[in-house]
Amino acid sequence: MARFGLLGPLLLQPDGLRVEVTAAKHRTVLALLISRRNTPLSRQRLVVEVWPEHPPRSAVENVRTYVSAVRGLLGAERGRLTSCQGSYRLEAHDEEYDVGMFLAGVRQARSAQEAGDLPLALDRYAAALALWRGDPLQDVPAGPSLRAYGAVLAESGAQAREEYFEALFRSGEVEQAVAGLRQLLADHPTRECAWHRLVSILYRSGDRVAALTSYQTARDHLAEGLGLDPGAELVALHQQILQGVPLGRPGRPPPRQLPRSPGLFIGRQAELRHARQVLRRRCEASVIVGIHGLGGVGKSTLALAVAHAVAEHYPDGQLYVDLQGSSPGARPLEPVEVLGRFLRALGAPEEQISPDVNEAAAVLRTCMATRRMLVVLDNAASVGQVVPLLPAGRGCAVLVTSRQPLDILDGVDRIHLSALAEAEAVELLGSCAGRQRVAEEPEAALEIARLCGLLPLAVRIIAIRMARRPDGQLRDIADRLAQNQYRLDELGCGDLDVRSTFDVGYQALSAQAGAEQACRLFSALGRWPLGEIGTADAAALLGVAEPVAWRALELLAGHGLIEATAAGFVAHDLVRLFAAELATRNARDGAQHVDAL
């Protein structure tokens, strides 16, 4: 197996024996071919690299000569270097190229760290960094492409060294981590992110004086070398040290609180791509993505899929909480309770955790100011429940799910989640209950999906019940669901229940002051023949003026019982069935009350 290397002096070992490339221009040509391995490289690009400013008239012919010489250096491996239509291509696998091996090793180290396997991460980092033999392209006369490539390699190497030293610190090897960072900074005295890590590690290891001294040294180097003051993150860290705010403890792993990734995730690809794109960009303030929609529409499933997809971009950890804003039989969590959970996860001692929500929120913001963390606030009841839990650092991001759109949160990127497409609902049904059964009765499967209102929760419940009766016919299930007065009875299985999901929203609505007209309107939706309802329709149903009807519609939307659209409002089929049940129950209870009198 051949070996090619650019992480130090140029390395060429075509047959396991190192070949010295003595001519400078040959080194340039070979280095550029290696850096563009497996990709055609034009003669003109080689000309520009070898002679960046004033190529001779014979440049093209000279390049042919240099390429021929390089092919000769490859010996028995000369077949790796091919030419076609004025371009050249060098074949080399990752395991033959030191840069490819380095990048693969760093990826493996980061994955191991993400999975909580710190010893494996340290092993992979050490192996990747051992591939470096000096500065990249150390003995290669570089033109514009190789200079840029060398700069990228140098940055990747420095970043990997920083991450390795951080991992050493978290494993308890404090002295080794500090010594490594000091050596890195001796080579790169204006590398601000490395100064941040060093100051942070010194402080977290208990040496506050050394941390403050290193901050002043960093400030001096940045001023002398670049004419700059420390950036916002380093300044914020300095303030935390001055205030004595805890940042964590040696060897304490970052919190990884995300529940497991959804095993079954169907549809929502556009929403997933959008959320991933938003959460991966760096901004001057923390990023907030809000996912809202009807109960049972799959908000939490999407949120977890997104969170796992972007978790690697938040190396300092992920915090998760179910706020129980619309959980049947559970009270919404108080913000101060959640703040205590988060601060403990971040390593704050009990004396730093205040029972006052504002003080605790301030400590959380301070602790997260210099970290890159993802916070998932699932099942929020209101904006008031969310605001105290928001970080302020630009390296953090928040993912919130709620039934109502959290419009008044500054800078929130809203994603409205609707019911599934028909094909997606049928696919979900088959994935849970058996694709063969769905394939055998496609019309009945589609009818079931439609009678479930294409609501993921309803489809999953029916699929679970189908799986328990593998000999049952889909047509029989569809016929039972078609009976409106019993459909919600069918849509319940253990802790999963469509009726209870809707009832949570209605109970919250009925407990709200001034919601009498909204409750009346919701009951009236049970006899409304259409899914869409406008302000004039609502006013006619209630016998009130349109502004009063508009307020009632807004309250229903705020509790996730109907959905606002550009044309008005929409009530889901299953919600209208629930509203009809509710109206019947209220009428019966009223009659019994009259009889009792």
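Strand β4 pairs with β5 (residues 87–90) in the antiparallel sense through four bridges. Two strands count as paired if DSSP finds at least two bridges between them. Helices (H or I, at least four residues) and strands (E, at least two) are DSSP runs, numbered from the N terminus. Within this pairing, Leu81 has Leu90 of β5 as its bridge partner.

The open sheet has three strands in the order β3-β5-β4, with antiparallel pairing. Because β3 (41–42) and β4 (81–84) stand at the edges with a single partner strand each, one side of each is left without a neighbour in the sheet. Helix α1 (residues 24–35) lies across β3, β4 and β5 and runs at about 70 degrees to β5. Axes here are lines fitted to C-alpha atoms, for helices over the stretch in contact, and angles run from 0 to 180 degrees between N-to-C directions.

## Basis of the model

This is a predicted model, in which local features need pLDDT of at least 70 and side-chain atom pairs count only at pLDDT 80 or more, while totals for chains, interfaces and linings use all residues. Residues are numbered from 1 along each chain as its sequence is written, and side-chain values use heavy atoms, with hydrogens and water left out.

## Cysteines

A disulfide is taken as a pair of cysteine sulfur atoms within 2.5 Å; by this rule the count is zero. For Cys193, which is in no disulfide, the nearest cysteine sulfur is that of Cys396, 17 Å away. Cys193 is partly exposed, at a relative accessible area of 39%. The classes are buried (under 20% relative accessible area), exposed (over 50%) and partly exposed in between, with a 1.4 Å probe and protein chains only.

Cys396 is likewise in no disulfide, and its nearest cysteine sulfur, that of Cys367, is 11 Å away. Cys396 counts as buried, at 2% relative accessibility.

## Helix α13

In helix α13 (residues 335–345), the buried residues are Pro335, Val338, Leu339, Gly340, Phe342, Leu343 and Ala345. They pack against β7 (318–322), α14 (357–368), β8 (374–380) and α15 (383–386), where contact means heavy atoms within 4.5 Å. Gly347 follows α13 and has a positive phi, near 95 degrees.

## Ala128 in helix α5

Ala128 belongs to helix α5 (residues 118–129) and counts as buried at 2% relative accessibility. With neighbours within four places in sequence left aside, Ala128 is in contact with Phe102, Gly105 and Val106. Ala128 and Ala439 are 311 residues apart in sequence, and their C-alpha atoms are 50 Å apart in space.
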